[in-house]
Amino acid sequence: MRTLASSPRVTPQAADIELDLIRQAGHIGAEVRGVRLSSDLSTAVFAAIKAALLTHKVLFFRGQQHLDDAQHQAFGRRWGELVVHPTVPSKSGTQLLELDSHHGGRANSWHTDVTFEVAYPQVSILRAVVIPPYGGDTVWANTVAAYDSLPAELKALAEQLRALHGNDFDYAAARPPVATADTVFKRYKDVFTRLLFEAEHPVVRVHPETGERSLVLGHFVKRLVGHSSSDSRHLLGVLQDHVQRLENTVRWRWTEGDVAIWDNRATQHYAINDYGEQHRVMRRVTIAGDVPYGVDGQTSVDRTEPAVRATEVAA
């Protein structure tokens, strides 16, 4: 358990330079222009990007075709230690997760990345490699704005709740609606759930850098701890509806070479599956995160069976 003071809202430290930022929506998202992403960015530019991310939650960069797999990973290491997905194998020879629509990689449900791990990633960096001529946009939601929009009574309730997250969520609900997808998607599901991970998180976490409070929800939530499945479903639905309100979202139309960076501690996202059998390939690196803690100072708890952890280490 952590001892908390009054949890003041912390303003990100001002950077030494000013970025060319174009806001994309009222509560989330900004495009950054005039920056060529690389591991060699100056300290001042990198600090400005990080400060902008804490403010806008997701940043977009167009025209980054110069990034190959090695450079993508090198840039990711500027943010911290890279972590691979615990069940889906990385692209050969890399620490990149490849989301290939021809191999089941369609994340078309609302989620925060890998919340079935106790210390889920703090930042994700996604690069567009192959983009269909239409469809395949991604939507992000600001989970801080979602919390802020709750009535006071609902905030007080949410701050007391804890939820169990697991990677064995309802895949049937997210299955791609294309005729040839069933076999491919089942194979992807089998890989994704070959080891079952669980973590218990506070429904409201305190951001370690800004002090903001955000909702930790999304499709990996299995149930609320100490509540029946029926009550869990209703309560989670009410809270998740606030996350998905259009006022809290931003939608990005991809072009090849685009890069999106998001604060995984303050967002959810949804990859829209509206492009049929057209090809879409994205590659992502994720940065190691910290163990969340709630308003009461109680930290998240790893609920994964010891045998699964032993298997993971052995692999």
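Which residue in β12 does Ala163 stand opposite? In this predicted model, the answer is Leu224. Residue numbers start at 1 in each chain and follow the sequence as written. Because the model is predicted, local features need pLDDT of at least 70 and side-chain atom pairs count only at pLDDT 80 or more, while totals for chains, interfaces and linings use all residues, and side-chain values use heavy atoms, with hydrogens and water left out. The helices (H or I, at least four residues) and strands (E, at least two) named below are DSSP runs, numbered from the N terminus.

In general, strands of a sheet pair through backbone hydrogen bonds, in either a parallel or an antiparallel arrangement.

Three bridges link β8 to β12 in the antiparallel sense, and in β12 the bridge partner of Leu164 is Arg223. Towards strand β9 (residues 198–202), β8 has five bridges, again antiparallel; here Gly166 has Glu198 as its bridge partner. Five of the five residues of β8 are buried, where buried means under 20% relative accessible area, exposed over 50% and partly exposed in between (1.4 Å probe, protein chains only). Both faces of the strand are covered, with Arg162, Leu164 and Gly166 on one side and Ala163 and His165 on the other.

A second open sheet has three strands in the order β13-β7-β15, also with antiparallel pairing. Its edge strands are β13 (249–252) and β15 (267–271); each has a single partner strand, so one side of each lacks a neighbour in the sheet. From one strand to the next, the twist averages 20°, taken between axes that are lines fitted to C-alpha atoms (for helices over the stretch in contact), with angles running from 0 to 180 degrees between N-to-C directions. Strand β7 (residues 138–142) joins β13 in the antiparallel sense through four bridges, and Trp140 finds its bridge partner in Val250 of β13.

Turning to the helices, α1 has 14 residues that should span 20 Å at 1.5 Å a residue, and its end C-alpha atoms are 20 Å apart, which agrees. The expected span is 1.5 Å times one less than the number of residues. Buried residues of α1 include Val45, Phe46, Ile49, Leu53, Leu54 and His56. The buried residues of this helix pack against β1 (20–23), β2 (30–33), β3, β6 and β14, with contact meaning heavy atoms within 4.5 Å. Just after α1 comes Lys57, with a positive phi of about 75°. Lys57 lies in the loop between α1 (43–56) and β3 (58–61), and is buried at a relative accessible area of 3%.

In helix α2 (residues 69–77), the buried residues are Asp69, His72, Gln73, Phe75 and Gly76. They cover an arc of only 160° around the axis, which puts them on the same side of α2; the arc is that of the directions from the helix axis to the C-beta atoms. Among the elements covering these residues are β4 (82–83), β6 (123–130), β14 (259–263) and β16 (281–287). At the start of α2, a side-chain oxygen of Asp68 comes to within 3.2 Å of the backbone nitrogen of Ala70.

The loop between β5 and β6 also deserves a visit. Val114 belongs to the loop between β5 (97–100) and β6, and has a positive phi of about 60° although it is not a glycine. With 7% relative accessibility, Val114 counts as buried. Ala107 is found in the loop between β5 and β6 and, at 28% relative accessibility, counts as partly exposed. Leaving aside residues up to four places away in sequence, Ala107 touches Tyr270 and Ala271. Ala107 and Asn273 are 166 residues apart in sequence, yet their C-alpha atoms are 8.0 Å apart in space.

Key: A polar contact is a pair of N or O atoms within 3.5 Å; within protein, one must be able to donate a hydrogen and the other to accept it, and residues adjacent in sequence count only if both atoms are side-chain atoms. Two strands pair if DSSP finds at least two bridges between them.
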